[in-house]
Amino acid sequence: MGNENNVKTITHYIKEFFEKHPNEEIDHGKVVDYVFEFIPKARDPWRSIRKLYQEGWLIQVRKGIYKRVPGYKGHNVLTPFPKEIKNKIFKRDNYKCVVCENGVHNGYEIHADHIKPQAKGGTNTLENGQTLCSEHNMMKKRYETTDFLGKYSKRMISLANKNKDEKTENLFKDILEVLKKYGFKTLVFAIIPLVLFLIFLW
Ligand SMILES: [Zn+2]
């Protein structure tokens, strides 16, 4: 409240730009340029744009394209899972990361992750939750789910290839094929634990 007299923040200029262009689909590059006009040494302004989108102030039209609709509140502030739901998620997943199975049993930190991100309309329900370790939680957040699975599969393919493990290699090649064909995001993500389980069985 009233303490922006001297230093205007990156976020201030981002908001200013979008407010000057309401309801327009804007490439984030333009906004970044605008910020640099005022703060030449601005650090990661695109990250601040992303944050505004995650907070619901901006709408993401496409990758890198954002829009401000005056009065839009969207999903508003991201809220974590209520404790009760979180515990149910962990319990259902046996307190293990659904990707790598590290978890409480071997001293790994676990997180309740939104399968469909809140910024995309995902809700705080048990069905939309999954247990992830810190590493996979970070990976998931860094990439869109499909990208994540794609990259993960490619990594597995090259690893399996190195180990001359043809079964695993073919398995992940099949997954990549499915991804290319359908590109479904959350649904495919659910395949990972199944796949790891199958590998485990072999
Ligand atoms: Zn994990």
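Which residue of β3 does glutamine 60 stand opposite? In the predicted model described here, local features are reported where pLDDT is at least 70 and side-chain atom pairs count only at pLDDT 80 or more, whereas totals for chains, interfaces and linings use all residues. Residues are numbered from 1 along each chain as its sequence is written.

The chain contains nine helices and five strands, where helices (H or I, at least four residues) and strands (E, at least two) are taken as DSSP runs and numbered from the N terminus. Read from that terminus, the elements follow the order α-β-α-α-β-β-α-β-β-α-α-α-α-α. Of the 202 residues in the chain, 21% are buried, a residue being called buried if 20 or more other C-beta atoms lie within 10 Å of its own, exposed if 12 or fewer, and partly exposed in between, with C-beta atoms placed from the backbone. Among contacts with a separation of 6 or more, 52% link residues 24 or more positions apart, two residues being in contact if their C-beta atoms, placed from the backbone, lie within 7 Å.

Glutamine 60 stands opposite tyrosine 66 in β3, and strands β2 (residues 59–62) and β3 (residues 65–67) run antiparallel, joined by three bridges; strands are said to pair if DSSP finds at least two bridges between them. These two strands form a hairpin with two residues between them, and glycine 64 in the turn has a positive phi of about 80°. The pairing of β1 with β3 is antiparallel and extends over two bridges, with isoleucine 26 opposite tyrosine 66 in β3.

A further antiparallel pair is made by β4 (residues 110–114) and β5, which are joined by five bridges, histidine 111 having leucine 132 of β5 as its bridge partner. Five of the five residues of β5 (residues 129–133) are buried, and both of its faces are covered, with Gly129, Thr131 and Cys133 on one side and Gln130 and Leu132 on the other.

In helix α1 (residues 10–20), the residues Ile10, Tyr13, Ile14 and Phe18 are buried. Seen down the axis of α1, the buried residues fall within an arc of 135° (the arc of the directions from the helix axis to the C-beta atoms), so they line one face of the helix. Their cover includes β1, α2 (28–38) and α3 (45–54), whereas the exposed residues Glu19 and Lys20 are carried on the face of α1 turned away from its buried side.
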